Amino acid sequence: MGDHHHGPATGIGRWLFTTNHKDIGTMYLWFSFAMFILGGTFAMIIRAELFQPGMQLVEPGFFNQMTTLHGLVMVFGAIMPSFVGLANWLIPMMIGAPDMALPRMNNWSFWILPPGFLMLASTLFMEGGAPAFGWTFYAPLSTTYAAPSVTFFIFAIHILGVSSIMGSINIIATVMNMRAPGMTYMKMPLFVWTWLITAFLLVAVMPVLAGAVTMMLMDIHFGTSFFSAAGGGDPVLFQHIFWFFGHPEVYIIILPAFGVVSQIIPAFSRKPLFGYASMVYATASIAFLSFIVWAHHMYTVGMPVAGELFFMYATMLIAVPTGVKVFNWITTMWRGALSFETPMLFCIGFLILFTIGGFTGLMLSIAPADFQYHDTYFVVAHFHYVMVAGAVFSMTAAVYYWLPKWSGRMYNETMGKVHFWISFVGFNITFFPQHFVGLAGMPRRIPDYALQFADFNMMSSIGAFIYGASQILFLYNVLATIIAGEKVTDEKVWDGAEGLEWTIPTPAPYHTFEVPPKLDAAHA
Amino acid sequence: MATTEQAPAGFEKYYVPESSSLAVRATIGLLATVFGAGLLLNDMTFGEPGAASMSKWVLIAGLVFFIFTLASWFRTAIRENLQGMNSAQLGHSYVLGMFWFIFSEVMFFAAFFGALFYVRQLAGPWLAGEGEAGRMNDLLWPGFDFTWPPMITPQEAVGGVDSQPIANNGAFLTQDRSMAFADAHHWYQWLPMWNTIILLSSSFTVHVAHTALLKDQRSKFNLWLGITVALGIIFLGLQAAEYYEAYALFGLTLNSGIYGSTFFMLTGFHGFHVAMGMTMLLIQLIRSMKNHHFTATDHFGFEASTWYWHFVDVVWVFLFLFVYIL
């Protein structure tokens, strides 16, 4: 209470006790970057082991722990929280709200994450080792054959789920209830739209994941037989429940990325986004389809032919709304006054590489062909094209784009461009060859491989080290900007940027829009 | 594009609380709870006999701390509202929060209902050899026939835990009797029917209480809310009796194969939610009787609890249909 216009508190208490959406956004972003480095370290261990055929550095069991934790940490620790951080920072500023709708719960959503991940990481030091059953934790590997640390893995998943659900409820309440007068749904920035739909997906599927891990817990400790055929259950049931969560989950990861790209490409094309309404409808269609395609992850596990056909055709349908989006971004750039600052470079990189990832996804959607691709490096290549070049590239673009607004300082453009090119080249050296070894039959999640895959794997590893190292440059650039970057004071840091967040002072004051803005006639 | 100078007419300031230690305290409580639960379960399943005694104190301490923190959180929210700090817009945020929270609960139950349908309609018949997917039946589970409720597990069909050709992960022994409606002559002894009547009536009584509150009839409100809470307690008592019956008389346990698994998980989680909803309503009753909280126009704590109660009621209707009747 009291004076609302004072700045942040001082000391550690500011961060522990804050209810400010900007502080919480900042914590999410730094936490997710720390997890990105941790998950990246696991990836480097994987690529180091795969540098040459044969067993070099780690035991097979530990290798399995690395692939498992790499996936879990990247999905739940790096990518998802990073976009939640972005949502916290941007949604109130984009819709003209004083803060998130439920500020104390917002703080709680964040603070249960670090101890949750601490618990997950602590399994590395437990008897029997960390979870080693892949990030998809299929039963019975994760039940009958799991190390005792699986119990803590299960509770860690519960905690992350609680965090996601509370965060999403907050975002939904904020978007539905806190928009400035005149900010109708179809006038919201596309980033807000994509997050609204993402939050809906999260509230819908995180509880299903909680149900899945709860069944695991019961099978392990209380003798139930959900995933055991001996008692009348079915291990495949686990896969169905998991992927009912898992497929919407991958759109939870990519939809906010679509939102970011839809903000940045118009800014550097100096044109409004082409086909705004179709973008909204495409996002909603993708979200709807995500609920009826889950079994395309399970073509080879055994399913009636009618099921295979249904999931195949439903999956192919996703290409339609996704295509709408890609064409809209390209059309936005068409005859625009383009300039290629770092955020734009990352968005164009996103556009090209995500499209490649989308095409390989289309290949994988064909059930008969998938019998060849399933569980090979082709799948690994596919989802890294959409997860890394899709989600992480757009996240990186977002940091470069909004950092001047957040910090009031400009990043080093040359260093940013160097970061982009090293990332772009390193990423492609890492993952492009994996298409070839995958099509030739190299299985994923195995620490050794046949000799004919040696050259491509060495390329992959070198690319991974390059891509990994480029993140240190990114960290340096961000830190240097915050500490000593060139000051910017223009409200509109980028001349083509549109939206309410560019009407407030730079750097963004601690409290913004305590009184809702009045949208002028052109926008209201 | 926009100006921040004038407030639109009728604008009421949205209350954003200053810094608060509630979240960090709740985090400590929640994490201690799950960490303690993890330790306890691992000690019970994998540890030495008696090892569980220490870890349970971590769980209890965490749980107590968590519950006290939540209580103080709700107290804070109530106090702020009574001090008039909440605008109508903030009230709407609470409405949205509660609605989407209940939606997430619906999806949690959907996972377990999904498991039930999958097993009953697909996996069960396949295990018994039906269709393309059932071709392995003769090899893996010869002699297993699928019925619902299953009166034999695949393991029992092949002659017990040591005869099964795949990994041994425990003994699954079916019940002697299922919880389905059995005896038309003693229909009045069938507890699920009474529980259905009780829970459906309680949705009605809580609605009567709500109507009374809207007319500012305090004592009528307290009476009907009290009846609702009592019905909730009776429901839980009958469910405890039913569980006793299952374990002691019917031999139906968590180990009874997929029927026991789905039965206890669905009804158990539902019972837990009834206990939660009953506690929520009880707290509203105490608030009303002791502190004279709630007016005809300002009673969201009560209203949210009734939504939760109706949700629990609807879940029970589905349970009654798919777990007990069909």
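Let's start where the chains meet: 70 residues of chain B are in contact with 73 residues of chain A, contact meaning that C-beta atoms, placed from the backbone, lie within 7 Å. This is a predicted model, in which local features need pLDDT of at least 70 and side-chain atom pairs count only at pLDDT 80 or more, while totals for chains, interfaces and linings use all residues. Residues are numbered from 1 along each chain as its sequence is written, and chains are lettered from A and ligands numbered from 1 in the order in which they are written.

On the chain B side, helix 3 (88-127) is among the elements that each supply at least two residues, along with strand 1 (2-3), helix 1 (22-46), helix 5 (154-157) and helix 8 (257-291). Helices (H or I, at least four residues) and strands (E, at least two) are DSSP runs, numbered from the N terminus. Helix 3 of chain B gives the most, with 22 residues. By class, this side has 42 nonpolar, 25 polar and three charged residues; Ala, Val, Leu, Ile, Met, Phe, Trp, Tyr, Cys and Pro count as nonpolar, Asp, Glu, Lys and Arg as charged, and the others, Gly among them, as polar.

| Helix pair | Axis angle | Axis distance |
|---|---|---|
| Helix 6 of chain A and helix 3 of chain B | roughly 135° | within 9 Å |
| Helix 6 of chain B and helix 9 of chain B | about 160° | 10 Å |

Axes are lines fitted to C-alpha atoms, for helices over the stretch in contact, and angles run from 0 to 180 degrees between N-to-C directions.

Helix 6 of chain A passes helix 3 of chain B in a right-handed crossing. Residues making this contact include I165(A), I169(A) and M176(A) on one helix and L96(B), W100(B) and F101(B) on the other. The contact divides into eight nonpolar, six polar and no charged residues.

Within chain B, helix 6 (residues 191-214) and helix 9 (residues 300-325) are roughly antiparallel to each other, a term for angles over 145 degrees. Among the residues in contact are L199(B) and H210(B) of helix 6 and W309(B) and D313(B) of helix 9. The set holds ten nonpolar, five polar and one charged.

Finally, nine of the nine residues of helix 4 (residues 103-111) of chain A are buried, so this helix is largely enclosed by the rest of the structure. Buried means that 20 or more other C-beta atoms lie within 10 Å of a residue's own. The cover over helix 4 of chain A includes helix 2 (21-49) and helix 3 (60-95) of chain A, together with helix 1 of chain B.

Methods. Parallel < 35°, antiparallel > 145°, perpendicular 65-115°, else oblique. Contact = placed C-beta atoms within 7 Å. Buried ≥ 20, exposed ≤ 12 C-beta atoms within 10 Å, placed from the backbone. Left-handed = near helix turned anticlockwise from the far one by under 90°.
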